[in-house]
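Trainee: I would like to go through the labels attached to this model and see what each one rests on.
Mentor: Then ask about them one at a time.

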Amino acid sequence: MCDARAGAINREDSQVKFARAINGCAVVVLFTGLLAGSGSAGAADSVKIGFITTLTTPAAVIGNDMKDAVNLAMEHIGGKMAGKPVELVIEDDGFKPEVGKQKADKLVKRDNVDFVAGFIWSHVLLASRRSVLDGGKFLISANAGPSQIAGKLCHKNFFSTSWQNDQTPMAMGEVLNQKGVKSLYVMAPNYAAGKNMVAGIERTFKGKIVGKDLTKWGKDAQLDFSAELSKAAASGAEGLFVFYPGKAGGAFIKQYQQAGLRSKLPLYTVFTVDALSLPKLQQGKLEGVLGSENTLAWSPDLDNAANKKFVGDFKKKYGRYPSFYAAQSYDSIMLIKSAVEAVNGDTSNMDGMRAAMKAASYASVRGKYTYGNNHMPIQNFYLRKVVKDADGNWTTNVVKAVLTNHQDPYAQDCKM
């Protein structure tokens with residue numbers, strides 16, 4: 001069954017008209033702007049974008065945040081690219097690689113989209129990549145950044161609006177070195193991204209990894225970490241590094257605080273404490289997270305015009321801070337728009353669109369960045385601290401840049 005929210009289009013006004021149809025968890029939205037008689041979804045003169053994310057299972061909290069950001073991006077561009085209406089087809093991968101591949105096949109073969117974007121999970125992206133790329137379409141990752149696609153499996157028609165998985169923990173490793181941490185216990189889920197996160201921290205952290213746990217992941221992900229926390233506490237480590245996205249992150253933070261480890265085993269996280277988990281942590285009065293630090297390539301307080309508009313309008317429309325998942329999804333639409341407009345709407349001109357995306361000349365919410373030879377962003381990574389905003393809401397603020405214009409380590413394996 002699909003989450004009912006997967007098909008919810010919550011406004012229709014004189015500027016952007018939404019036509020939706022739900023078929024096997026797909027949400028088809030034709031953004032027609034002010035064009036009278038612009039035709040139905042599937043019109044030959046539309047720009048077709050498929051977006052794959054997770055809209056069922058507990059991980060839907062991430063997918064819905066991404067979907068909300070995509071819909072906001074569509075509003076911001078008036079539902080058009082190069083004067084053409086945009087047909088957006090949103091698909092649910094169900095948190096399963098095989099389902100993600102099925103949805104990618106559908107988007108390419110039946111819907112004949114021009115771009116396939118989205119992808120929270122590295123294992124889903126890896127399972128879907130050939131369906132899109134062998135089908136002659138552009139593949140835009142708005143989150144997942146597995147090492148394989150950054151390296152030997154790089155492709156001229158793949159682009160990322162996020163990062164390669166290792167980079168964010170590499171930044172955290174540098175932070176730990178600066179703090180003089182000498183030993184670390186590591187925990188992450190046992191799947192492609194989890195392994196990349198561990199590899200990333202090991203690349204830059206100069207101290208000793210005294211213990212490591214890779215826990216069960218997927219639809220039945222492990223949410224009880226009591227045994228692992230006991231091992232970490234007994235390890236003698238000076239710090240605990242974890243990567244637990246989505247619902248698992250909130251569960252972990254709660255158990256960490258309940259175990260009374262804050263003063264004994266300082267916590268360092270990536271993709272665990274974010275705009276999705278902080279409201280729940282605040283509601284649960286888990287104040288141990290205030291002042292904690294994490295690393296990322298984006299923050300809601302980054303000082304550029306595109307980010308201010310995105311964050312301000314997202315908060316106004318949805319009543320909450322956007323997550324980094326939302327920020328990267330918003331950017332994926334703006335990257336596609338820059339490509340379509342560079343060729344005056346001629347989506348058959350793939351060389352022209354590829355060159356435009358490679359230039360990364362659009363106004364990204366992270367600020368200016370460039371693309372490497374593997375089409376992964378070369379960008380800054382920041383140390384962020386959890387704080388209260390002026391209204392008392394918990395959020396993150398940038399402390400400093402840790403890595404500047406950083407390229408991922410797998411680019412050397414890409415032959416482009």
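**Labels and their cut-offs**

Mentor: Helix 1 (residues 60-76) has 17 residues and should span 24 Å at 1.5 Å a residue, and its end C-alpha atoms are 24 Å apart, so the two agree. The expected span is 1.5 Å times one less than the number of residues; helices (H or I, at least four residues) and strands (E, at least two) are DSSP runs, numbered from the N terminus. This is a predicted model, in which local features need pLDDT of at least 70 and side-chain atom pairs pLDDT 80 or more, while totals for chains, interfaces and linings use all residues. Residues are numbered from 1 along each chain as its sequence is written, and side-chain values use heavy atoms, with hydrogens and water left out.

Trainee: What makes helix 1 "mostly covered"?
Mentor: Of its 17 residues, 15 are buried, where buried means under 20% relative accessible area, exposed over 50% and partly exposed in between (1.4 Å probe, protein chains only). Just after helix 1, G78 has a positive phi of about 70°.

Trainee: Why is the pair of F225 and F252 called edge-to-face?
Mentor: Rings of Phe, Tyr and Trp (its six-membered ring) pair if their centres lie within 6.5 Å; planes under 30 degrees apart count as stacked, over 60 as edge-to-face and the rest as tilted. A search of the whole structure gives 21 aromatic pairs. For F225 and F252 the centres are 5.5 Å apart and the planes at 70°, hence edge-to-face. This pair links distant parts of the chain, 27 residues apart: F225 is in the loop between strand 10 (208-215) and helix 7 (226-234), and F252 is in helix 8 (residues 247-258).

Trainee: Why is the pair of Y244 and F252 stacked?
Mentor: The ring centres of Y244 and F252 are 5.7 Å apart and the planes are at 25°, so this pair is stacked. Y244 and F252 are both buried, and F225 is buried too.

Trainee: What else is F252 in contact with, leaving aside its neighbours within four places in sequence?
Mentor: Contact means heavy atoms within 4.5 Å, and the residues that F252 touches include M187, L229, L240, V242 and L267. F252 is also, with I49, L240 and F310, one of the residues that touch the most other members of the largest nonpolar core, which has 126 residues. Helix 11 (residues 324-342) gives the most to this core, 11 residues. Such a core is a set of buried Ala, Val, Leu, Ile, Met, Phe, Trp, Tyr and Cys residues joined through side-chain atoms within 4.5 Å.

Trainee: How do you know that D134 and R130 form a salt bridge?
Mentor: The definition asks for a side-chain nitrogen of Lys or Arg within 4 Å of a carboxyl oxygen of Asp or Glu. The N to O distance for D134 and R130 is 3.0 Å, so the pair qualifies. D134 counts as exposed at 53% relative accessibility, and R130 does at 55%. The structure holds 17 salt bridges.
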